[in-house]
Number of protein chains: 2
Amino acid sequence: MNPVANNSRSWQPDDTDREDLLRELRRCLAADSVLSDPEALAPYECDGLSVYRRLPLAVVLPETVEQVQAIMRLCARLKVPVVARGAGTGLSGGALPLADGVLLSLAKFTRVLEINPLERWARVEPGVRNIVISESVAEHGLYYAPDPSSQIACSIGGNVAENSGGVHCLKYGLTVHNILALGIITAEGEYLRIGGLAPNNPGYDLLALFTGSEGMLGIIVDVTVKLLPKPEYAQVLLAGFPSLGAAGTAVGRIIAEGIIPAGLEMMDNAATRAAEDFIHAGYPVDAAAILLCELDGVEAEVTAQTDKVRGILEGCGADHLQTAIDEAERMRLWAGRKAAFPAVGRISPDYYCMDGTIPRRHLAVVLEKISRLAEEYSLPVVNVFHAGDGNLHPLILFDANREGELAQAEALGGQILEVCVEMGGTITGEHGVGIEKLNQMCVQFPEPELRQFHAVKAAFDADGLLNPGKAVPTLHRCAEFGAMHIHHGKLPFPELERF
Amino acid sequence: MNPVANNSRSWQPDDTDREDLLRELRRCLAADSVLSDPEALAPYECDGLSVYRRLPLAVVLPETVEQVQAIMRLCARLKVPVVARGAGTGLSGGALPLADGVLLSLAKFTRVLEINPLERWARVEPGVRNIVISESVAEHGLYYAPDPSSQIACSIGGNVAENSGGVHCLKYGLTVHNILALGIITAEGEYLRIGGLAPNNPGYDLLALFTGSEGMLGIIVDVTVKLLPKPEYAQVLLAGFPSLGAAGTAVGRIIAEGIIPAGLEMMDNAATRAAEDFIHAGYPVDAAAILLCELDGVEAEVTAQTDKVRGILEGCGADHLQTAIDEAERMRLWAGRKAAFPAVGRISPDYYCMDGTIPRRHLAVVLEKISRLAEEYSLPVVNVFHAGDGNLHPLILFDANREGELAQAEALGGQILEVCVEMGGTITGEHGVGIEKLNQMCVQFPEPELRQFHAVKAAFDADGLLNPGKAVPTLHRCAEFGAMHIHHGKLPFPELERF
């Protein structure tokens, strides 16, 4: 029933096994591309969810597809678990190493392989940074639409693994809507080509299945992305509201009008102040909430929509209303939002970024519930989110140096995600499950669905060697968690020793 | 390696087994919902691909989810293959029965279960006809976007199974982009809920995997579809061109401008004449090709885009150019296109509708190649297609009563699909593989991908009981086909006795 947990146990190496593995890895690739010295391993001990840390047995840095195949064949033969890693910016611990496993970094796969401006696609290696794709095709008036906050640093391979979003995914979709094909190395070291350039492909939709699969089904070695023509014209409106509820109502009204903004972002007062102090974007720091609404397209359309949106914002009680007068102001207004996370980092020793979704119309109710939970736990929560999508990013502020505060932050985070599920939403909008939300997966999914997930995993990776212990909890874990959950009446924080 | 072919052989019933099965089926549902009389079975012997016909052992017409579960549990126990059938309008033989199998019709699942106009979704049973969804939500100013030509007759369950498109999918996407969740009964009779109301769901994307899976992974018992607000304004332009090449160039130029028409359809002279004779839409019957371009959205935007498109069409040499003056004219212009298939049916005893995709920019070259192949086979080909998507629908005209013409038509069809693959396209845009294109799947996919398809199938249906022999060819078949293919230098027509 659970090939992952069972099979990953079959590799229980002693020192000789470890030495043998390192020696064999060094046969697959250059000596300096196999790291095993603790100091050299240290940068790989965690990803963006840095509360979880662990050194792998080895880090490998292949440069060619053939080397990836050789590594995978070796690990399949010895039953060594493999964790793939892109830029390591993930926020759910998906790239956390396994103590006796191999961490396979795609950091050297940084080539843009082919650009076809006429058919509007580019084929790139997985280590290419998100922003580099748009930079590489800018001369053709094209760009790659999904723009996670980390787009300067995160890699396209990681974007595919997590099905990343960004502020513009309301209109332009998630990663899955913006890729055409993938090159994959399977757990056995075979090259699989999935997807294609046509709008629809026969056979099962392995491309969608793979996207967001968090490194559990194969190693991505190339990605063909769709490119879009840069919108002729873009305009951004900034509105300040006297209450979160009023801002939430405005979001619903804009969408109800049939307008699909390129971005529709909300920040509460604490987030607005933090961003303003950091970036000086010109935000109204007394507003209970601000909305940023970007409209793009042909100029006549954008102008017509801007008028309409302005009317809605006024009608919903906006007491600050501003339309960017030029591109410089538009960029400045966005800069505040894009720097909101680091801005919050400046006002608190630590913060824990949550990522849940809810049906849009419940925005006000959920924010109210979060605020009550925050009081209960005595931890401030700052809210920044993709309002148009109903994708919340509550940031829980805490100080890891204070005894018990991390655990409290995690417990509060778990409760917030449960509220999302209760309201018909999900436990992750774009950050993935990783190691972080395994328990919440038990809340989100009943047993038949979890069993089906494990069966699909086994269809790609029968020995359970790819990123074991992530993304989909074992049924055993859920049974245990369910019992604990019912017993205590609230979510326990993930126990570090359990994964 | 191929559980489908192996396991489907384990049910080799004699007359007693057949009687036992019928008796057990009649325990699962009302006696008049289990058909076994040849006369009663006759309407189910084929779907829209009527050159393939076969009577099943029994047709069952369950009315409740529990009955579907009971049927599936029974068939799983006895290892009886099950073919699901919606409205039977499919064009690739996906609902063709198996002689000793059960045909499970969803014809009685016709309820609209829930409409949520605020969150813009509807949950419906699989037998609900496509058009009925839009009719049911029209009072809220909403509609369901994908509109296959058969939308008056085809059912939403079948649309999901085939990932159906339609003239508006250029802008609004295929079925997979317009559904949120599915209720599934597995091969073992278990209820699975996949997808959800949120924009992104954790776990593997089973919703996308299921969409277009042609009845191979489970039985759909409910579908939650997205609803869209009816566009405020729509306009259609009709252009006649002196050559197919000029019309193709216009298509490329419109898309290159960053305009996404709601529909962008092309018909060649023969299709135009046939449609005009039938519907009197006002098409220019002397044009070598006509283009229909629909633009929708807010009025200011549509007006601006209409001007732009008109300029492009003129610039590409359109010698007939017409913009619908009112809604009645817009509907009339579309009526010709929507009736193009039956219109062709009036001018030929039989026609064979192909469905391939190609990169848009190769339109002119591919049409030229098709025209040369048509000459070679001495069979007329009429072209109607979703030009914006590069989704071709060549209609091969033939007379089944003339010795060998069906075989010739199938051989020509196979060659046309090979041209599509050669040009970087696919063997199906929206009609599915079914029984029709199994050989062409061998051309489209190399062995590792086919093996992965079979592994995914086995993760849902280990005994291979769901629609065996469809959609994904066995490796054995491909090996045989490859050998034949190389030997003769061109595609043999699908042999009827092989499936």
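1. In this predicted model, the contact between α9(A) and α11(A) is made by A:Ala250, A:Arg253 and A:Ile254 on the α9(A) side, which meet A:Val309, A:Ile312 and A:Leu313 of α11(A). By class, the residues of this contact comprise 5 nonpolar and 1 charged, with no polar member.

2. As to the geometry of that pair, helix α9 of chain A spans residues 244–256 and helix α11 of chain A spans residues 299–315; their axes come within 9 Å and cross at roughly 145°. The hand of the crossing of α9(A) and α11(A) is right-handed.

3. Helix α2 (residues 15–28) of chain B and helix α4 (residues 65–78) of chain B have axes that come within 9 Å and cross at roughly 155°. Angles over 145 degrees count as roughly antiparallel, and α2(B) and α4(B) are therefore roughly antiparallel to each other. The crossing of α2(B) and α4(B) is right-handed.

4. Which residues of α2(B) and α4(B) meet? From α2(B) they are B:Leu21, B:Glu24, B:Leu25 and B:Cys28, and from α4(B) they are B:Gln67, B:Ala70, B:Ile71, B:Leu74, B:Arg77 and B:Leu78. The residues of this contact divide into 7 nonpolar, 1 polar and 2 charged.

5. The relation between the two chains may be stated as follows. Two copies of a chain are related by a rotation about an axis and a shift along it. Here, chain A is superposed on chain B by a rotation of 180° with 0.0 Å of shift along the axis, at an RMSD of 0.0 Å. This is the relation of a two-fold axis. Within chain A, the C-alpha nearest the axis belongs to A:Glu301, at 2.2 Å from it. Both copies use the same surface, since 98% of the contact residues of chain A recur in chain B.

6. Turning to domains, the assignment for chain A gives domain 1 (15–105), domain 2 (112–229), domain 3 (233–343) and domain 4 (348–488). How far apart do the C-alpha centres of domain 2 of chain A and domain 4 of chain A lie? The separation of these centres is 26 Å. Across the boundary between this pair, 17 residues of domain 2 of chain A are in contact with 16 residues of domain 4 of chain A.

How values were computed. Residues numbered from 1 in each chain as written. Chains lettered and ligands numbered in written order. Predicted model: local features only at pLDDT ≥ 70, side-chain atom pairs only at ≥ 80, totals over all residues. Heavy atoms only, no water. Axes fitted to C-alpha atoms, helices over the stretch in contact; angles between N-to-C directions. Helix = DSSP H or I, 4+ residues; strand = E, 2+ residues; numbered from the N terminus. Left-handed = near helix turned anticlockwise from the far one by under 90°. Contact = heavy atoms within 4.5 Å. Nonpolar A, V, L, I, M, F, W, Y, C, P; charged D, E, K, R; others polar. Least-squares fit on C-alpha atoms with pLDDT ≥ 70 in both. Parallel < 35°, antiparallel > 145°, perpendicular 65-115°, else oblique. Domains from an automatic or database assignment.
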